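The following questions and answers examine the architecture of a two-chain model.

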Amino acid sequence: MTNHWTDIGNADVILIMGSNAAENHPISFHWVTKAMEKGATLIHVDPRFTRTSAKANIYAPMRSGTDIAFLGGMVKYIVEDIEKNPQSYNLEYLKEYTNAGWLIDAKYSFSDGIFSGYDAASRAYKDKSGWQYQKDDKGIPKQDKTLSDPNCVFQLLKKHYSRYDLATVSKVTGTPESSLVKVYQSFATSGATGKAGTILYAMGTTQHTVGSQNVRAYGVIQLLLANIGIAGGGINALRGESNVQGATDHAILSHLLPGYLPVFGSTDTTLAKYNERTTPKTSDPKSGNWWKNRPKYTVSLLKAWYGDAATKDNEFGYQYLPKVQAGANYTFIALFEAMEKGTIKGLLAWGQNPAVGGPNSMAIRKALANLDWMVDMDLWETETAAFWKRPGTDPKSVKTEVFMLPAAASYEKEGSVANSGRWTQWRYKAIDPPGDAEDDLWAIVHLTDKLRALYAKEGGPNADAITKLTWDYGEHPSPHQVAKEINGYDLTTGKLVTNFVSLKDDGSTTSGNWLFSGSYNENGNMMARRDNKDNSTIGLYSNWSWSWPLNRRIIYNRASVNLEGVPFDAKRPVVKWNATDKKWSGDVIDGFGANAPTEIYPFIMLSDGVGHLFGVGGMADGPFPEHYEPWETPTTNALSGTQLNPAAKVWRPSEQGKPDKYPYVGTTYRVSEHWQAGAMTRNLPWLAELMPEMFAEIDEDLADEKGIGNGDKVVVEGARGEIKAVAIVTKRLRPLMVNGKAVHTVGLPWHYGYQGLVTGDSANILTPYIGDANTTIPEYKAFLVNIRRA
Amino acid sequence: MAEKAILFDTTKCMACRACQVACKQWNELSAETTKCEGTYENPPDLSHKTWVKINFTETERNGSPAWLFSRQACMHCTDAACVKVCPPKALSHHELGMVTYDKDLCTGCGYCVDACPFHTPRTNRNLITGIAKMEKCVMCTTPGLDRVGNGLEPACVKTCPPLALQFGDRDTLVNEGKSRVSALAAKGYSNAYLYGENELGGLHVLYVLDDSPQVYGLPVNPKISGVTVATQSVIQPAGMLLGGLTIVGLGLNFMVAREAKLAKEPGRAKKEK
């Protein structure tokens with residue numbers, strides 16, 4: 001989240017899209033309800049009418065996988081309205097804090113769904129040189145603050161979305177035009193100075209072949225409406241697990257090191273080369289370009305990991321770490337394909353249940369059988385742990401040796417948890433785990449101890465990477481020691497650093513994650529703070545827990561004030577600049593505390609310093625979000641001749657379902673009553689009784705057509721398999737008119753499997769091996785199925 | 001002490017059912033074995049081990065789908081049929097207004113089950129002991145599990161994320177409910193209604209409704225049946241009177257018969273001589 005949970009209560013308009021917040025993040029509704037009590041409008045856009053829709057002022061149905069068409073229509077509406085009614089928008093923000101007026105290279109082009117620089121053979125944009133600014137002779141981007149130059153971002157944006165007219169958008173999404181207009185008008189009211197609109201999203205946004213661009217579309221809209229950096233605004237990802245924010249921050253991802261440092265690559269043969277490639281540069285004196293500090297964070301990380309073994313002479317241990325081969329993919333589907341091929345021989349499945357949660361579950365279950373060994377550490381024997389004895393499988397035919405390690409639950413261990421709003425809260429151990437169960441820290445420390453002993457004794461390739469590690473956690477590892485290591489030390493004084501501003505690239509400081517530096521310093525464990533008094537007027541609660549970065553509660557908060565430093569929203573000020581004292585007050589200012597708004601652009605994490613309506617350089621699939629159809633779709637793309645995201649990653653092209661055989665749009669989701677792959681809830685009797693069986697939701701027309709009655713057993717089938725479920729025939733789903741044809745949705749919760757108190761077929765047996773162009777997140781939310789009575 | 005109540009706001013409830021689980025957890029009630037019957041709603045009904053449940057109603061409003069959520073549990077009536085009808089007087093009013101019961105006194109006769117206009121109390125017979133008992137929500141006042149007596153709100157209220165449930169002094173909540181209903185009416189909900197303000201002498205569970213009670217499955221102007229009223233005020237006293245007279249009669253009969261029998265005994269007769 002750019003903002004945080006409590007801040008949702010500040011919004012005037014709340015757009016929930018790609019999320020069923022009421023069901024999957026019930027606590028969000030504590031704040032949504034508070035905002036509504038003050039008169040806020042709640043908008044819900046979703047293929048299904050859910051418990052969130054039931055509370056919304058405006059509900060708009062939409063075919064799954066057509067978010068960019070829906071949002072592109074909103075961009076067109078807003079851009080045209082800005083021209084017609086400029087007084088209803090914050091043009092100072094648009095002109096000064098976004099790249100609306102910046103000029104783009106003349107090489108940039110877009111034609112029939114393809115941006116300039118595309119290489120069809122490699123399914124990638126190889127040449128992104130056109131996705132850059134025109135620069136003057138000093139290297140500073142050229143601007144036209146009148147926003148009229150045909151090459152300025154605002155004009156390019158207008159041109160790009162001119163195709164997204166109401167009729168076309170309605171044809172693509174199935175949303176009635178009247179509903180589109182209602183949503184666009186309502187959300188656009190948050191563009192007025194002094195008004196706030198927030199967007200809450202979740203996996204309904206991201207789990208698509210265009211998932212990253214769906215989020216980019218939110219970015220474009222929120223920048224046009226001046227909603228980033230302000231109270232009650234922002235783009236707020238409702239994270240699916242209590243500590244998934246922490247997992248991301250600490251880099252449980254194959255392309256990152258802790259604190260969003262890019263992983264070392266095979267072309268980065270030296271630390272200097274890595275720094276050269278990954279440290280952004282700017283010639284613009286107004287760009288703060290915070291990532292210029294990246295080498296300090298990288299060296300401090302290496303010093304935290306390798307201690308005295310990390311010296312200036314050995315590039316601080318840079319060569320100990322493996323380098324990712326250019327073009328290699330180590331994300332979820334790729335890993336299971338490697339297991340299928342036998343390239344990966346062992347698996348630690350740790351608090352994860354891919355046999356239910358992964359796409360194409362049957363392929364995953366088969367891949368597990370190709371492993372030599374698997375260790376499953378969990379609270380229950382999950383479907384993954386029990387894959388070798390699943391229904392229909394002869395255990396004798398499975399050669400994989402499987403080990404089960406009992407884990408400790410959240411109340412049985414101490415440590416920190418980072419919530420969606422970046423608040424990192426310390427929690428304590430209430431009881432000992434049962435039996436032989438141990439906490440995760442104990443397990444990783446002792447496992448590594450064993451590995452270190454083996455490497456010390458037997459050696460091996462790059463043994464130093466393991467043996468030289470600073471690994472002094474002892475028999476009973478302490479989460480406090482780890483938290484301090486993450487915060488970092490000044491090696492000269494031996495004291496904890498105050499925060500990341502103190503980190504250096506000369507080897508004199510350590511930090512296990514620069515972003516969390518400041519969370520546990522000489523003032524104590526800031527994450528354990530529990531002062532619930534709010535000293536702000538906007539619910540920052542700055543002395544409750546600790547929020548990265550630097551306890552800043554609303555990021556990009558420099559954008560909440562005008563060029564004089566006066567808050568755009570007098571009622572809900574986030575920060576304020578005092579020109580006399582040359583000081584900021586309010587929330588922790590987003591960097592450059594001594595600099596006035598006129599001196600530094602507000603988006604300090606971007607090398608140009610302004611919000612990207614046009615995504616300069618970074619994305620894999622284009623500088624503007626463009627609608628493409630899902631990998632499996634019942635229709636053809638009405639917006640261009642390019643059917644699928646041209647940069648999406650395809651693994652099994654032969655496993656593509658076609659509408660003649662599978663005419664309905666399948667989509668997966670969660671319900672309040674169950675948690676993820678279900679182990680934690682299908683094993684609890686009180687939750688099992690609430691949602692006891694796998695079900696499939698369909699509309700009444702489809703039920704009539706297929707002779708399916710409410711509560712009937714049905715079979716849902718797709719290109720990769722079939723599942724059984726109980727039909728819920730509901731008024732809450734309705735056929736949508738897409739390209740002149742009625743399209744039906746089949747809704748499937750993905751919580752069920754063959755283990756636990758209540759069991760059922762896994763919806764993910766139906767979902768495809770296809771990945772988003774940027775992240776390769778699988779397209780769980782839109783695929784094709786057929787349905788019949790069992 | 002001021003009477004307490006729960007205020008339930010249908011417009012805020014999002015049917016997450018945390019209340020159902022919190023109730024079972026706090027009151028140590030076991031789970032039911034259920035099936036999916038083509039709805040999210042489960043368990044299908046209240047029972048001796050399900051004291052609160054959320055009902056889901058699918059409907060349409062102005063051509064759009066609507067999904068209404070309502071709460072089913074003891075309403076804690078002032079004019080409580082169950083209290084009136086209970087032969088052993090196991091059911092009674094707590095000093096704070098809610099309807100509680102003494103499980104030791106309950107004979108499981110089930111009169112309360114039939115008498116309740118909201119069909120809330122349920123009985124269950126233990127298959128081993130053969131003893132039947134009634135169970136229902138007591139607003140978290142069960143001795144040993146008494147939250148309210150210890151200054152806490154009931155478990156369902158404590159857990160409710162959107163604050164659709166509130167606990168407090170009944171007078172305050174009636175006023176709060178009234179102002180919410182006026183606000184709804186001002187927004188065009190012409191049937192908005194505060195249910196429980198006056199029903200059955202005043203309920204201790206108040207509902208903010210954005211539509212009429214029938215839409216939410218609640219009886220309009222609920223009444224206690226004549227038979228129930230008669231039970232305590234006429235039939236039970238009459239029964240007791242009749243029972244008393246029977247005992248007196250039997251006693252008299254015994255004494256008269258005994259005299260007669262003794263009179264016939266030879267010894268006695270001899271003595272009298």
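Domain bounds come from an automatic or database domain assignment. The model discussed here is predicted.

Q: How many Å separate the centres of domain 1 of chain B and domain 2 of chain B, taken over C-alpha atoms?
A: The assignment for chain B gives domain 1 as residues 1–224 and domain 2 as residues 226–272. Taken over C-alpha atoms, the separation of the centres of these two domains of chain B is 46 Å.

Q: How far apart do the C-alpha centres of domain 2 of chain A and domain 3 of chain A lie?
A: Chain A is divided into domain 1 (5–237), domain 2 (255–325 + 478–522), domain 3 (332–419 + 423–458) and domain 4 (649–789). Four residues of domain 2 of chain A are in contact with five residues of domain 3 of chain A. On the domain 2 side of this contact there are three nonpolar residues, one polar and no charged. Between the C-alpha centres of domain 2 and domain 3 of chain A the distance is 29 Å.

Q: Which element gives the most to the side of chain B that touches chain A?
A: The contact between the chains involves 30 residues of chain B and 32 residues of chain A. Helix H1 (18–27), E2 and E3 of chain B each supply at least two residues of the chain B side. By class, that side has 14 nonpolar, eight polar and eight charged residues. With five residues, the element that gives the most is H1(B).

Q: Which residue takes a positive phi in the hairpin of E2(B) and E3(B)?
A: Strand E2 (residues 53–61) and strand E3 (residues 64–72) of chain B run antiparallel and are joined by nine bridges. Within this pair, B:Ile54 stands opposite B:Arg71 in E3(B). Two residues lie between the strands of the hairpin, and the positive phi, near 50 degrees, is taken by B:Asn62.

Q: Which residue is the bridge partner of B:Leu7 in E10(B)?
A: Chain B has an open sheet of four strands with mixed pairing, in the order E8-E1-E10-E9. Strand E8 (165–169) and strand E9 (193–195) of chain B are the edge strands, each pairing on one side only. Strand E1 (residues 4–9) and strand E10 (residues 205–209) of chain B pair in the parallel sense over four bridges. In E10(B), the partner of B:Leu7 is B:Leu206.

Q: Is A:Asn85 buried or exposed?
A: A:Asn85 has its place in the loop between H3 and helix H4 (91–97) of chain A. Because A:Asn85 has 12 other C-beta atoms within 10 Å, A:Asn85 is exposed.

Key:
Residues numbered from 1 in each chain as written. Chains lettered and ligands numbered in written order. Predicted model: local features only at pLDDT ≥ 70, side-chain atom pairs only at ≥ 80, totals over all residues. Pairing = 2+ DSSP bridges. Contact = placed C-beta atoms within 7 Å. Nonpolar A, V, L, I, M, F, W, Y, C, P; charged D, E, K, R; others polar. Buried ≥ 20, exposed ≤ 12 C-beta atoms within 10 Å, placed from the backbone.
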